[in-house]
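Please open the model in your viewer and keep the selection panel at hand. The tour moves from one selection to the next and says what is to be found at each stop.

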Amino acid sequence: MHQLRDGHLLDALGGGGPLITALLLSGGMDSVAVAWWKRPQVALTVDYGQNAAQAEKTAAAQVCRELGIEHHVIQVDCRSLGAGDMSGSAANPVAQTTEWWPYRNQLLVTLACMRAVSCGVNMLYLGTVQGDGSRHRDGLPEFFQRMDGLVAFQEGGLRVQAPAIRFTTAQLIRQTGVPPGLLAWSHSCHRGNVACGDCPGCSKHFSTYDELGSQYRSG
């Protein structure tokens with residue numbers, strides 16, 4: 001059913017032909033739930049030099065194996081441009097939060113689109129959820145609308161959508177019914193490959209499990 005709805009969406013946006021979807025899969029709770037929900041043909045994981053890159057790649061690879069999704073890892077070392085928790089350096093002076101990496105989502109969308117268009121993809125999904133925009137502007141619906149327009153303006157006919165942006169993480173997990181065993185592979189820590197238990201990513205991870213209750217904690 002979701003493929004039918006998305007196919008109509010692509011037609012309305014000026015696309016044509018079969019819908020070929022990709023997901024920017026970080027291995028976090030949100031993107032894992034979207035992978036279960038949307039079942040894209042392709043998943044793209046970007047190692048841009050973030051501290052938790054190895055754990056994110058491991059989580060994403062396992063999710064793709066379980067769901068039968070073609071998995072691509074894009075490796076571009078941007079550590080010299082990073083800031084905050086994800087790079088292990090001081091936060092940028094303009095940052096509202098400690099995890100803000102300058103123009104991170106813009107970078108990730110661009111890199112993902114560069115690989116996606118070569119795979120024949122015409123719809124790229126992002127795992128952004130409601131509330132991300134309260135922490136950084138590249139989590140706002142307006143950001144994705146602008147990125148969609150910018151990418152669509154260029155060759156390839158590629159579109160960008162954030163299908164979960166109206167859901168909180170707990171709502172997304174409940175709505176999609178992602179199995180606890182699959183969700184358990186997710187990695188949310190911003191600071192390293194082992195959960196630090198103290199960063200915003202870990203705090204969100206734990207609070208989401210608390211909200212979900214015993215069904216997911218026991219999974």
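This is a predicted model: local features need pLDDT of at least 70, side-chain atom pairs count only at pLDDT 80 or more; totals for chains, interfaces and linings use all residues.

Residues are numbered from 1 along each chain as its sequence is written, and side-chain values use heavy atoms, with hydrogens and water left out.

**Stop 1: the largest pocket**

Begin by selecting Asp30, Arg104, Asp132, His190 and Lys204, which are the closest to the centre of the largest pocket among the 44 residues that line it. A pocket here is an open set of points on a 1 Å grid over the protein atoms alone, where a 1.4 Å probe fits and protein lies on both sides within 12 Å along at least five of seven lines; lining residues have an atom within 4 Å of a point. The volume of the largest pocket is about 940 Å³, a volume being the space filled by probe spheres set on the points, which are joined across faces, edges and corners.

Next, colour the elements that supply at least two residues each to this lining, namely α2 (29–38), β2 (42–47), α4 (104–118), α6 (169–176) and α8 (200–212). Helices (H or I, at least four residues) and strands (E, at least two) are DSSP runs numbered from the N terminus. The lining of the largest pocket divides into 16 nonpolar, 19 polar and nine charged residues, where Ala, Val, Leu, Ile, Met, Phe, Trp, Tyr, Cys and Pro count as nonpolar, Asp, Glu, Lys and Arg as charged, and the others, Gly among them, as polar.

**Stop 2: helix α8**

Which helix gives the most to the lining of the largest pocket? It is α8, with six residues. Within α8, show Gly201, Cys202, His205, Thr208, Tyr209 and Leu212, which are buried. These residues cover an arc of only 130° around the axis, which puts them on the same side of α8; the arc is that of the directions from the helix axis to the C-beta atoms. Buried means under 20% relative accessible area, exposed over 50%, and partly exposed in between (1.4 Å probe, protein chains only). Glycine 213, which follows α8, has a positive phi near 95°.

**Stop 3**

Move to α6, whose buried residues are Thr169, Ala170, Leu172, Ile173 and Thr176. They cover an arc of only 160° around the axis, which puts them on the same side of α6. Just after α6, glycine 177 takes a positive phi of about 70°.

Then select alanine 33 in helix α2, which is buried, with a relative accessible area of 0%. Not counting residues up to four places away in sequence, alanine 33 touches Leu172, Ile173, Thr176 and Val178, contact meaning heavy atoms within 4.5 Å. In the loop between α2 and β2 you will find arginine 39, which has a positive phi of about 45° although it is not a glycine, and which is partly exposed at a relative accessible area of 36%.

**Stop 4: helix α4**

Select α4 next, where Arg104, Asn105, Leu108, Val109, Leu111, Ala112, Cys113 and Ala116 are buried. What covers these buried residues includes β1 (21–24), β2, β3, β4 (123–125), α5 and β5 (159–161). Glycine 120 follows α4 with a positive phi near 80°.

**Stop 5: the second largest pocket**

The second largest pocket has a volume of about 410 Å³. Of the 15 residues that line the second largest pocket, Trp100, Tyr103, Arg137, Asp138 and Phe143 are the closest to its centre. Helix α5 (residues 141–153) gives the most to this lining, with four residues, and the lining as a whole divides into seven nonpolar, three polar and five charged residues.

Finish on tyrosine 103, in the loop between β3 (70–75) and α4. Is tyrosine 103 buried or exposed? Tyrosine 103 is exposed, with a relative accessible area of 57%, and its phi is near 55°, a positive value in a residue other than glycine.
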